[in-house]
Amino acid sequence: MILAGIQPAAEMVHWWFATGFLVLGLLLAAEAVVGPEVWGLRPWRRYLWPGFAFAMGVLMFPVMTFFTSSTIHMVAHGSWAEVLLLAGGAELGVARGKLRSPRWRACSALALAVSGAAFLVHEQNHWLFSRAAFLHHLLGWSLLLAAAFPLVQAVRPRSLTAALGFASTLLFVAVLLYCDRDTAAIFGHLDFYAGVPHR
Amino acid sequence: MSADIAHTIRRTRETHAAAARSLSLRARIVLSLGPTTALAGVGWALVQPWRLTLLHPAGQGFWWLFAEPPLYAVLVGVLFRLLLAPGIVADLHRVEEREP
């Protein structure tokens, strides 16, 4: 109860993670544009996005602990934390040279697919119930489809389309998370049971 | 202003202009990523000024004053342009010069 008084609103946490995905998207977009050889000329740059993804996975655990109101909600956040750690960890291994196969990019594909499924499974309401429900559905289906991009990269690491698609996906996720509000209408629809919009 | 300084400034401007002309499309895209992001944040702030609680801070708690999403987007864009983009473009330029 004391904690509830000092902790930020859930929508703010979504905006912070949106900023994280914005950073990830920009890093991946820049890497896609200049190519992995140029990107890797400064060794620290190779660790940037995998390290950032890994850190976001670590930070997702406190979100899972303090900002979830039901078991399925908690399991969804826990799965996001785990797949962020998996994708970030695998890419860190590739950046360090411990892992050599480009197939490790499939971990990012798995991360997107699991994240998308978690969004869809834990959203109990229909698309136009509220803005949050709409975003959950849109994020879920987008991530499931976008999992194809890193999957293609695992097979064809030099595919510019797949690299830009992966980067664009993360930028899209950032925009959708920035759109999130705790209780708000979507296209003029807000279900009676969704609650009262507070801002 | 002495003639020497004026000539130096003109030379510097000419060097920068020549460098800008020689930038490849890839370099220009990398250099534009940050400003585009920052501009998107500014546009968002103009369209939804109530998202910036700093503009009307009375009665706001700490978290509402700390959570300024349009400013986050601007900050990310500016930091990317200042801290990352110059190094990426310099490396790209170096590699492109080596290529036949």
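Q: How do α2(A) and helix α2 of chain B pack, at what angle and how far apart are their axes?
A: In this predicted model, α2(A) and helix α2 (residues 25-47) of chain B pack at an angle of about 170°, with their axes 9 Å apart; axes are lines fitted to C-alpha atoms, for helices over the stretch in contact, and angles run from 0 to 180 degrees between N-to-C directions. That makes α2(A) roughly antiparallel to α2(B), a term for angles over 145 degrees.

Q: Which residues of α2(A) meet α2(B) there?
A: A:L22, A:L26, A:A29, A:A30, A:V33 and A:V34 meet B:R26, B:I29, B:V30, B:L33 and B:T37, where contact is taken as C-beta atoms, placed from the backbone, within 7 Å.

Q: Switching topic, is α2(A) mostly covered or uncovered?
A: Mostly covered, since 21 of its 25 residues are buried, that is, with 20 or more other C-beta atoms within 10 Å of their own, those atoms being placed from the backbone.

Q: What comes just after α2(A)?
A: A:G35, which takes a positive phi of about 90°.

Q: How is the numbering done?
A: Residues are numbered from 1 along each chain as its sequence is written, and chains are lettered from A in the order in which they are written.

Conventions: This is a predicted model: local features need pLDDT of at least 70, side-chain atom pairs count only at pLDDT 80 or more; totals for chains, interfaces and linings use all residues. A residue is buried if 20 or more other C-beta atoms lie within 10 Å of its own, exposed if 12 or fewer, and partly exposed in between; C-beta atoms are placed from the backbone. Helices (H or I, at least four residues) and strands (E, at least two) are DSSP runs, numbered from the N terminus. Angles under 35 degrees count as roughly parallel, over 145 as roughly antiparallel, 65 to 115 as roughly perpendicular and the rest as oblique. Two residues are in contact if their C-beta atoms, placed from the backbone, lie within 7 Å.
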